[in-house]
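Hi there,

Here is the structure I promised to pass on to you. Have a look at it first, and then read on for what turned up in it.

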Amino acid sequence: MALRGRTLQGVAIAIAGVSAITVGAAVSGGGDRGTRDQHASISQPAIVADGTRIRFPTRPLAMPDGGTRPVRSLLNTRGPMRFGDFRWNEDGVPIGTTWIRVDLSKQLISVFRGEHEIGTAIVLYGTDGKPTPTGTFPILARATHHRSSLYDAEMPYMLRLTRDGVAIHASAVRAGAATHGCIGVPQAFARHLYASVRRGDPVSILPAA
């Protein structure tokens, strides 16, 4: 469900209280962002990149209600991520509750198990006319094959978030595309995500800047 385009230029993850942890630097020129470069600039001690993860003592991650949620590791992407790229690695991550955080200002989705990130990707989201809602939503329904009756469009690996049809689903994530309010993710990433979540798992969406 591609609409109009946006120019994306770099992604940062802002961890509340640890603003020096910057995953990539924003490129001058403004606009939305569409790469994630995990060469972290870190000013605090006891933070270790072990090849697959950047680990640190428990830190609070900002959430849309103004609160925080603790995390202990992020995936080390080891280079920039661009449209269609994703990372997924759950090796060694203990059993825990799965939750999802979407930062529209960074155009980034992060999937966590407990306090550890297991997946991340650049996403598409809605336009001003059809914005993506913000807040925290439980997954209401799941379907590997779903077709939107409103837009007559396929929505593979659909995870419904609202009763009026907003969902996370597989999409052709590319430059110059947006959605009718849904969150579009790369197809291979969508398969991993679908297999890892259940109804009721929370999805927190932070607003665009």
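**Aromatic rings**

A search of the whole structure finds 4 aromatic pairs, where a pair means rings of Phe, Tyr and Trp (its six-membered ring) with centres within 6.5 Å; planes under 30 degrees apart count as stacked, over 60 as edge-to-face and the rest as tilted. One of them joins phenylalanine 86 and phenylalanine 189 in an edge-to-face arrangement, at 5.8 Å centre to centre and with 70 degrees between the planes. This pair links distant parts of the chain, 103 residues apart: phenylalanine 86 belongs to strand 6 (residues 86-88) and phenylalanine 189 to helix 1 (residues 187-196). Helices (H or I, at least four residues) and strands (E, at least two) are DSSP runs, numbered from the N terminus.

Before I go further, please keep in mind that this is a predicted model: local features need pLDDT of at least 70, side-chain atom pairs count only at pLDDT 80 or more, and totals for chains, interfaces and linings use all residues. Residues are numbered from 1 along each chain as its sequence is written, and side-chain values use heavy atoms, with hydrogens and water left out.

Phenylalanine 86 counts as partly exposed at 23% relative accessibility, whereas phenylalanine 189 counts as buried at 0%. Buried here means under 20% relative accessible area, exposed over 50%, and partly exposed in between (1.4 Å probe, protein chains only). The rings of tryptophan 88 and phenylalanine 189 have centres 5.5 Å apart and planes at 70 degrees, so this pair is edge-to-face. Because tryptophan 88 lies in strand 6 and phenylalanine 189 in helix 1, the pair ties together parts that are 101 residues apart in sequence. Both tryptophan 88 and phenylalanine 189 are buried. Ring pairs link Phe86, Trp88 and Phe189 into a cluster.

The charged end of arginine 69 is over the ring of tryptophan 99, 4.2 Å from its centre. Arginine 142 lies over the face of tyrosine 194, with 4.0 Å to the ring centre.

**The whole protein**

The protein has 1 helix and 17 strands. Of its 209 residues, 49% are buried. It exposes about 9,300 Å², and carbon and sulfur atoms supply 50% of that; the areas come from the Shrake-Rupley method with a 1.4 Å probe, and for residues only the protein chains shown count as cover. Among contacts (heavy atoms within 4.5 Å) between residues at least 6 apart in sequence, 61% join residues at least 24 apart.

Strand 3 (residues 53-62) contains arginine 55, which is partly exposed with a relative accessible area of 35%. Strand 3 pairs with strand 4 (residues 68-75) in the antiparallel sense over 7 bridges; pairing requires at least two DSSP bridges between the strands. The bridge partner of arginine 59 in strand 4 is valine 71. The hairpin has 5 residues between the strands, and glycine 66 takes a positive phi near 90 degrees there.

Most residues other than glycine have a negative phi. Arginine 78 has a positive phi near 50 degrees; it is found in the loop between strand 4 and strand 5 (80-81) and is exposed, at 58% relative accessible area. Tyrosine 157 has a positive phi of about 50 degrees. Tyrosine 157 is in the loop between strand 13 (153-154) and strand 14 (158-160) and is buried, at 19%.

**Two buried polar side chains**

Aspartate 103 in strand 7 (residues 98-103) is buried, with a relative accessible area of 6%. Its side chain makes a polar contact with the side chain of serine 105 at 2.6 Å. A polar contact is a pair of N or O atoms within 3.5 Å; within protein, one must be able to donate a hydrogen and the other to accept it, and residues adjacent in sequence count only if both atoms are side-chain atoms. Not counting residues up to four places away in sequence, aspartate 103 touches Leu108, Leu206 and Pro207.

Threonine 179, in the loop between strand 15 (167-170) and strand 16 (183-185), counts as buried at 2% relative accessibility. The side chain of threonine 179 reaches the backbone nitrogen of glycine 126 at 3.3 Å.

Best wishes

Key
A charge sits over a ring if NZ of Lys or CZ of Arg is within 6 Å of the ring centre and within 35 degrees of the ring normal.
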